[in-house]
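Work through the following exercises with the sequence and the model open beside the text, and compare each step of the solutions with what you find there.

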Amino acid sequence: MSERLFQMDGEGSASASPSADVSSDAPLAARMRPRTLDEYVGQPEAVGEDTPLRRMLERGELTSLLLWGPPGSGKTSLASVVATVVDASWQELSAVTAGVKDVRRVIEEARQRQTTSGRRTILFIDEIHRFNKAQQDALLPAVENGWIVLVGATTENPFFEINAPLISRCQLLRLEPLDDGDVEAILDTALDDPDRGYGGEVTLTEDARRHLVAVADGDARAALNALEVAVTAADPSRPLTLTAENVTAAMRKFRYSRAGDEHYDQVSAFIKSLRGSDPDAAVYWLLRMIAGGEDPRFIARRMVIFASEDVGLAWEGGLPVAVAAFEALDRVGLPEARYALLHAAIALATAPKSNAVARALRAGTEAVREAGNAPVPPHLRDSHYAGASEIGHGAGYVYPHDHPDAFVPQQYLPDELAGTRFYEPTGRGDEGAVAERLAIWRAAPDDDADSNETTTDVQDDRKAGT
């Protein structure tokens, strides 16, 4: 489930209290967000008594923040509490759907608000790591000039995913996974709260409680979602006592976790659909993963790997298309970059296939392991330095460009591996032409060239260190 705080009339709409906009039919995890600092559970190192952030909030002050932590650790909940403590207009963007145009519009509204009324604007950006460089750069002037107080939430290491100038203008708070006691406390509040939770009409057996805490693994949202699914799937009569069997049965329903089995199963289905040349299935699994919250860069990385592992030289455009989709994602961002990701997925699914590159990788890796530190043949050794020729380095090397088709047969592997074949092309697609060339070259006798031949070009080549 997304970490969005509340339902809004439009992307970036302003509100004084996001928690007040959560409707009674919203998911349990959204309804149970803390409304005050006292209701906030966990993270004593970040917001406990006498911490800098706590003291600042108690004074009604706030600087721009980057909240970094795993899913369900309380990033969005902390942002929600901040909005209730600090007197400022609240605006929210999701990095999954917002573009540069949205960012600039919100900033301009904040600038005008500050100019006309002196009122500050807190801009909360969920999953800020999904903003590309241009989107992040658009935030810099607003943060630097104080037009907005930025509160960004990210599950990724900000030192890798957030621009350094933006990090330097924010206070970075690292949130840890909640401990079991924190998760239990959040579950108890949901069970007991008469307005937002179940008002004491739902209880848990000890086994059910332990199972919910185990399923959560430090993720409060996962615990509340699991509780809600279990309650919904159980007997609707009240009072209700949930058992471990109720919880286990409820968890068999559809759900997607970036860190769980569904993550690996759906990625596996996506790759196998590409390998099986089924573009329709590839489209479905890709969009399903994005809808479930998967990092689109993970999907793009998988396609780059696939382009070499399963398409290879059967279609020489495969790797450039996959890399271009990855770059388009970085430059454009979601949702528009879905076009590029689907473009690449459909192209790879419909391309001729070859795993010759993957087989070469496996065979070559095994040869490196077995051959160890095999010496470089003398004629291939570096000979650009003074005295190299006296010890025979480079002697006998034949310069291919002095021969027809820029090819001359000579040994390039160490003696222990001479004649070994790592790459065996198929005849499919573009790789058919590669196979034909290699067949001719590999069949050429070694005596086609004078083994003692050198040229001016090769001497220049050696001076360049090659």
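**Exercise 1: the surroundings of Thr 426**

Task: determine which residues Thr 426 touches, leaving aside residues up to four places away in sequence.

Solution: Thr 426 touches Ser 354, Arg 359, Glu 431, Gly 432 and Ala 435, where contact means heavy atoms within 4.5 Å. Thr 426 itself lies in the loop between helix 18 (356–371) and helix 19 (431–443). With a relative accessible area of 12%, Thr 426 is buried (under 20% relative accessible area, 1.4 Å probe, protein chains only). Its side chain reaches the backbone nitrogen of Arg 428 at 3.2 Å.

This is a predicted model, in which local features need pLDDT of at least 70 and side-chain atom pairs count only at pLDDT 80 or more, while totals for chains, interfaces and linings use all residues. Residues are numbered from 1 along each chain as its sequence is written, and side-chain values use heavy atoms, with hydrogens and water left out.

**Exercise 2: helix 5 and helix 6**

Task: describe how the axes of helix 5 and helix 6 are arranged.

Solution: The axes of helix 5 (residues 100–117) and helix 6 (residues 133–145) come within 9 Å and cross at roughly 10 degrees. The two helices are therefore roughly parallel to each other (angles under 35 degrees). The contact involves Val 100, Val 103, Arg 104 and Ile 107 of helix 5, together with Ala 134, Gln 135, Ala 138, Leu 139 and Ala 142 of helix 6.

**Exercise 3: confidence**

Task: state where confidence in the chain is lowest and where it is highest.

Solution: Mean pLDDT (the predictor's confidence in each residue, from 0 to 100) is lowest in helix 20 (residues 456–463), at 39, and highest in helix 17 (residues 338–350), at 94.

Technical notes
Axes are lines fitted to C-alpha atoms, for helices over the stretch in contact, and angles run from 0 to 180 degrees between N-to-C directions. Helices (H or I, at least four residues) and strands (E, at least two) are DSSP runs, numbered from the N terminus. Angles under 35 degrees count as roughly parallel, over 145 as roughly antiparallel, 65 to 115 as roughly perpendicular and the rest as oblique. Buried means under 20% relative accessible area, exposed over 50%, partly exposed in between (1.4 Å probe, protein chains only). A polar contact is a pair of N or O atoms within 3.5 Å; within protein, one must be able to donate a hydrogen and the other to accept it, and residues adjacent in sequence count only if both atoms are side-chain atoms.
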